[in-house]
Amino acid sequence: MSETAVVILAAGAGTRMRSKTAKVLHRVGGRTMLEHTIRAACDLAPGHVVVVVGHQREEVIPVVEQIGEQLGQDLVIAVQDEQLGTGHAAACGLSGLPDGFDGDVLLTAADVPLLNSDVLRELHNAHLATNETAVTILTFRPENPFGYGRITRDASGDVDAIVEQKDLQTGQHEINEVNSGVYAFDAAHLRSATANLNTDNAQGELYLTDVVAIARSEARHVHAVEINTLITAAKTAGAWADANVTGDMCVAGVNDRAQLSAVSRAYNDAIVASHMRAGVTIEDPATTWIEAGVTIGPDTLIYPNVQLRGTTAIGEACEIGPDTTLTNVTVGTAAVVIRTHGTDAELGAGSTIGPFAYLRPGTKLGVKGKIGTFVETKNATIGDNSKVPHLTYVGDATIGEHSNIGASSVFVNYDGITKHHTTVGSHVRTGSDTMFVAPVDVGDGAFSGAGTVIRRNVPPGALAVMAGQQRNIENWVMRYRPDSAAAKAAQAAQEKRAAESAPADE
């Protein structure tokens with residue numbers, strides 16, 4: 001592929017998206033459409049990858065550069081200052097190639113996010129299979145071809161023309177083989193043909209599709225190959241990724257939010273199916289959403305209504321869900337995560353989390369640790385075998401091993417200006433409703449009584465208590481709340497107790 005270039009068109013305005021965000025930066029499966037397209041191109045290891053930008057390029061160019069850095073790929077950015085049509089965009093893309101480049105050019109668009117490298121490779125193979133081919137067009141047959149450019153063929157089966165919807169003539173509306181907008185070109189022909197395009201069409205634009213007519217006028221071959229043919233070839237060659245989308249959705253374009261949703265659903269279905277084939281049990285695929293960067297070990301069980309996002313990595317034999325959302329969370333082997341929302345957290349092997357836990361960034365739970373019901377954590381490292389069972393906030397804290405934090409405890413980390421840190425040692429037992437007023441250290445093996453407010457360091461092995469002797473003020477309720485239901489109940493209870501304690505009549 002070193003003599004092959006890939007040109008990605010990403011300059012359109014995308015007005016039908018009705019969004020302030022550039023169309024190609026909308027996401028499918030956790031990645032922008034642009035990233036999907038660039039990844040597919042780079043997987044081919046071509047000699048050159050050119051991204052044509054235009055509308056909102058100040059927003060798009062930094063993303064292109066970031067993707068290039070992530071993939072270790074030199075991406076060339078070509079700018080289309082005015083959007084004068086697909087033919088003009090292709091010419092701008094050619095300007096990003098070295099002078100004299102005479103290899104093949106694969107041309108695709110950033111709003112066709114599910115087109116994968118396996119299909120692109122087979123398209124290139126099909127283009128190379130016949131000598132003297134100027135253009136090879138990737139086509140498909142949708143149920144409703146309205147809006148697509150139709151493929152017309154001559155008696156030999158070669159493509160005669162691509163006719164846009166607004167230019168269709170009598171009898172051409174019934175044609176159901178349509179142009180996907182993805183091509184393989186001979187670079188020399190593409191360069192000369194784009195230089196001779198004109199705006200003599202219904203939209204007054206430079207149509208890339210007119211390159212076909214120019215090739216035919218020069219007696220060059222123009223071929224078309226259907227998407228399902230290429231998919232079959234890729235599978236036969238053993239080069240088909242499990243997470244690839246099949247059929248027409250592979251070349252589905254995204255022009256509005258409805259199409260974005262349809263493409264996202266198709267992509268998610270493929271990813272979910274690939275995980276199941278790899279040994280993951282997913283009880284309800286329809287309500288399970290897994291993004292592209294997620295990994296899951298075999299024998300893990302995913303319950304309904306689970307969303308796994310970003311770089312989440314789940315080990316083997318885990319249980320996740322139901323009703324759980326994890327973003328960039330690492331989950332160790334055999335961990336159980338129930339009804340939990342977590343972001344940028346690390347959960348040790350054999351740990352248990354939830355239900356109704358909230359894991360904020362910086363949470364690290366050790367092996368066989370526990371973060372229980374209605375517990376919120378943030379910037380908290382909780383050691384192996386330590387437990388925070390319920391109704392607790394742990395923020396900016398380090399907890400050692402084999403410690404237990406009592407119910408309704410709060411790590412009071414914020415003084416209104418600065419966040420402070422609390423350190424709790426190993427084998428510590430704190431009573432319910434303990435307040436740790438940071439900065440404070442609790443030594444190994446220390447205990448605290450229920451209701452303690454810890455403001456000073458607690459030495460190892462000490463018991464921290466903060467409670468005076470209990471004092472009961474008799475009849476307070478009857479005196480200060482005389483007409484309340486509580487007073488009436490108390491009065492009745494006192495009368496019953498008096499009656500029960502009275503001596504029996506002789």
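In helix α5, H189, L190, A193 and T194 meet V211, I214 and A215 of helix α6, where contact means heavy atoms within 4.5 Å. Those residues split into 5 nonpolar, 2 polar and no charged. The axes of α5 (residues 187-194) and α6 (residues 210-217) come within 10 Å and cross at roughly 105°, so the two helices are roughly perpendicular (the label covers 65 to 115 degrees).

A quick note on provenance: this is a predicted model, with local features needing pLDDT of at least 70 and side-chain atom pairs pLDDT 80 or more, while totals for chains, interfaces and linings use all residues. Numbering starts from 1 along each chain as its sequence is written, and side-chain values use heavy atoms, leaving out hydrogens and water.

Now the cores, meaning sets of buried Ala, Val, Leu, Ile, Met, Phe, Trp, Tyr and Cys residues joined through side-chain atoms within 4.5 Å.

| Nonpolar core | Residues in core | Some members |
|---|---|---|
| Largest | 55 residues | L308, I320, V331 |
| Second, separate | 41 residues | V119, L123, A234, V251 |

In the largest core, L308, I320 and V331 have the most contacts inside it. Helix α8 gives the most to this core, with 7 residues. I320 touches, among others, Y303, L308, L326 and V337.

Technical notes:
Axes fitted to C-alpha atoms, helices over the stretch in contact; angles between N-to-C directions. Helix = DSSP H or I, 4+ residues; strand = E, 2+ residues; numbered from the N terminus. Parallel < 35°, antiparallel > 145°, perpendicular 65-115°, else oblique. Nonpolar A, V, L, I, M, F, W, Y, C, P; charged D, E, K, R; others polar. Buried < 20%, exposed > 50% of the residue type's maximum accessible area, 1.4 Å probe, protein only. Lists of a residue's contacts leave out its neighbours within four places in sequence.
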